[in-house]
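The sequence and the structure are shown first.

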Amino acid sequence: MPKTAIIYARYSDDKQNEQTIEAQLSACREYADQRGWKVVETFSDYSTTGSYFKRRPGIQGFMVRAKRGGIDYAICTATDRLSRDAEHSHHVYKTLVHAQVELHSSQSGKVSPLEFGIRAAIAEDYLKQTAAKTRDGMKYTVTQGKSAGGLSYGYKVKQIHDANGDRIPGYREVVAEEARIILRIFEDFADGKSPRKIAKELNDEGVPGPRGNLWRDTAIRGHRERRTGIINNELYLGRIIWNRQTFSKDPETETRKARLNDEDKWVQVHNEDLEIVPLDLWLRVKERQEAITATYGKTKTNPLNATQRPKYLLSRRLECAVCGGTYSVMAKERYGCSKHKNKQGCDNERTISRKNLEQRVLKAFPDSMFSTTHLRDLTDKVNKERKASVKDRGSERAALEREISKVEKKIQNTAEAIANGAGAGVTTLTNMLGTLEQQLADLKLQLVGLTDDGSDVELVSEAVVTKVFRAALETMATVDMSKVDPEYRDPFYALIQGMIQKVIIAPNPVKGVDLMIHGPLATILATLEAWQKEEERLTETYKQEYLERCEAGELKTDAEEAAFIERVNAELESKRRSFERLQVSVVAGAGFEPATFRL
């Protein structure tokens with residue numbers, strides 16, 4: 001029986017192509033054939049750097065197949081095809097050894113542990129040297145007044161060629177129409193318009209955004225500290241800045257993390273040909289940003305949202321039953337009537353601790369809110385939103401991939417025309433090739449930001465929804481939610497606040513306060529109370545009917561009695577479901593007038 005083998009191949013950059021993979025596979029198959037080995041499966045990764053491991057489906061499949069057993073040899077053209085990270089390389093090698101799979105290189109034969117260790121170290125060092133050389137080249141490019149990065153909105157590739165007719169990369173020139181839009185954005189923001197309103201107006205007018213997309217407020221606002229976004233892009237002042245941040249790969253997730261470098265490490269050059277925004281307008285924008293920061297403070301998310309976030313669960317929903325004024329937090333986290341405190345004519349001096357108030361309201365949520373019908377409705381809504389989100393993302397990805405394919409075909413046709421000679425048209429075609437290459441790079445950059453098509457999206461179950469719903473109520477009843485990060489707290493607040501219009505607080509004649517809830521929750525509680533009374537009435541009616549039918553001799557046998565009980569239970573269940581559907585309709589906002597319920 002012949003020995004079995006698997007093959008792995010990889011190419012890493014745009015200068016290589018699918019033919020590189022085929023060449024590697026061909027060399028490995030020839031190596032196996034010469035030794036009489038049977039190749040049972042091949043694995044490959046296209047245009048993927050060897051510094052990543054988890055993101056490469058080919059190498060992952062290669063490892064899984066080796067571990068499954070029944071494989072004698074693993075073949076690659078060179079060990080650096082497996083990985084250019086020493087840690088990942090040793091992981092692959094140890095896995096193959098454990099699975100009793102012998103590693104071979106079609107170029108050098110069987111790979112010994114010593115040879116593998118040396119080659120892994122050389123491969124990783126090569127990657128580091130390449131990165132260092134690339135950074136040196138980018139630094140030199142910037143010092144010459146050229147761009148070493150992508151293409152910002154407002155600019156296009158400037159076609160400048162050397163003595164041989166080859167395009168010199170890095171040169172940019174201003175796009176007049178886009179420059180007018182940039183100036184408009186700066187003027188509007190400096191005059192008080194919000195990024196969201198600016199984006200909406202541009203979209204309403206049909207003005208294309210960066211890379212032809214719709215305008216988003218985040219693209220305009222950006223991040224001040226990282227100096228991203230339209231209103232923070234110093235290139236519009238003619239400043240080319242390089243080495244502002246450093247990217248480091250997280251060894252666990254293999255995602256790149258950006259870290260700001262100290263400003264003395266930046267490389268800054270001024271190019272007046274790239275100026276779009278005058279300095280006085282730039283300073284006006286910076287002044288407004290400073291004013292916004294001073295007014296709203298810094299938060300972990302959008303600072304403009306700070307004033308919209310309630311710090312406490314029942315903020316702005318409490319009302320005094322005596323004067324109609326607001327109940328607000330007094331000293332020691334106790335709620336009291338603000339008009340009484342400010343001596344504005346209210347004699348309601350009763351207070352209640354915030355914790356006690358919130359617990360009383362949260363405990364009012366009935367178990368019927370976790371009914372099967374309600375949970376199914378809520379679960380379906382959540383899953384529908386997840387599918388819609390993934391569908392949109394998948395459509396966007398598919399559109400980008402189609403556009404990339406078109407541009408790649410244009411590049412191939414243009415390159416062939418140049419190679420075949422096009423007379424006086426060579427210069428024009430060369431210019432066109434440069435523009436297409438930049439367009440392709442921009443499209444691929446957009447594609448990187450999108451996840452997979454989402455065909456394997458994980459849908460939530462009713463059990464998960466129930467667990468989250470109950471956990472939210474239990475947590476809010478026991479934990480001081482005001483100290484929880486708003487990013488995690490606010491969705492739960494919204495869940496509860498959507499059920500409560502207001503809580504009216506009235507002094508109890510004896511002690512403490514009485515609470516009256518207004519809103520959908522009150523309707524549900526009133527419905528629940530009505531059903532409990534109706535259930536008691538029906539139960540009593542059925543008991544009376546049972547006794548009357550027994551006396552009349554209509555329930556003589558066990559079967560007749562069982563049939564009666566079955567009918568009664570079915571009728572009770574039917575009426576119970578009617579009340580349950582009413583509660584679901586209230587939650588869904590089906591036009592019910594909010595009720596009042598006393599706690």
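In this predicted model, strand 17 (residues 513-519) has seven of its seven residues buried, so the strand is largely enclosed by the rest of the structure. Val513, Leu515, Ile517 and Gly519 point one way from strand 17, while Asp514, Met516 and His518 point the other way; all of them are buried.

Strand 17 runs antiparallel to strand 16 (residues 502-507), and six bridges join the two. Within this pairing, valine 503 is placed opposite isoleucine 517 of strand 17. The hairpin formed by strand 16 and strand 17 has five residues between the strands, and glycine 512 adopts a positive phi near 70° there.

A further sheet is open and consists of three strands in the order 13-14-15, with antiparallel pairing. Strand 14 (residues 334-337) is joined to strand 15 by two bridges, the two strands being antiparallel. Here arginine 334 stands opposite serine 353 of strand 15.

| Strand pair | Bridges | Residues standing opposite |
|---|---|---|
| Strand 16 and strand 17 | Six bridges | Valine 503 and isoleucine 517 |
| Strand 14 and strand 15 | Two bridges | Arginine 334 and serine 353 |

Two helical residues may be considered next. Serine 89 belongs to helix 3 (residues 86-98). Is serine 89 buried or exposed? Its relative accessibility is 1%, and serine 89 therefore counts as buried, the cut-off being under 20%. Leaving aside residues up to four places away in sequence, serine 89 touches Ser83, Phe116 and Ala120.

Isoleucine 122 is located in helix 4 (residues 113-143). With a relative accessible area of 53%, isoleucine 122 is exposed, since that class begins over 50%. Together with Leu114 and Ile118, Ile122 forms a nonpolar patch on the surface, and the three have about 320 Å² of accessible area together.

The chain as a whole contains 16 helices and 18 strands. Of its 599 residues, 37% are buried. Among contacts in the chain with a separation of 6 or more, 64% are between residues 24 or more positions apart. The chain exposes about 34,800 Å², of which carbon and sulfur atoms supply 50%.

How values were computed
Residues are numbered from 1 along each chain as its sequence is written. This is a predicted model: local features need pLDDT of at least 70, side-chain atom pairs count only at pLDDT 80 or more; totals for chains, interfaces and linings use all residues. Side-chain values use heavy atoms; hydrogens and water are left out. Buried means under 20% relative accessible area, exposed over 50%, partly exposed in between (1.4 Å probe, protein chains only). Helices (H or I, at least four residues) and strands (E, at least two) are DSSP runs, numbered from the N terminus. Two strands pair if DSSP finds at least two bridges between them. Contact means heavy atoms within 4.5 Å. Patches are made of residues with over 30% relative accessible area and no salt bridge: like charges are joined within 9 Å, nonpolar side chains (Val, Leu, Ile, Met, Phe, Trp, Tyr) within 5 Å. Accessible areas come from the Shrake-Rupley method with a 1.4 Å probe; for residues, only the protein chains shown count as cover. A salt bridge is a side-chain nitrogen of Lys or Arg within 4 Å of a carboxyl oxygen of Asp or Glu.
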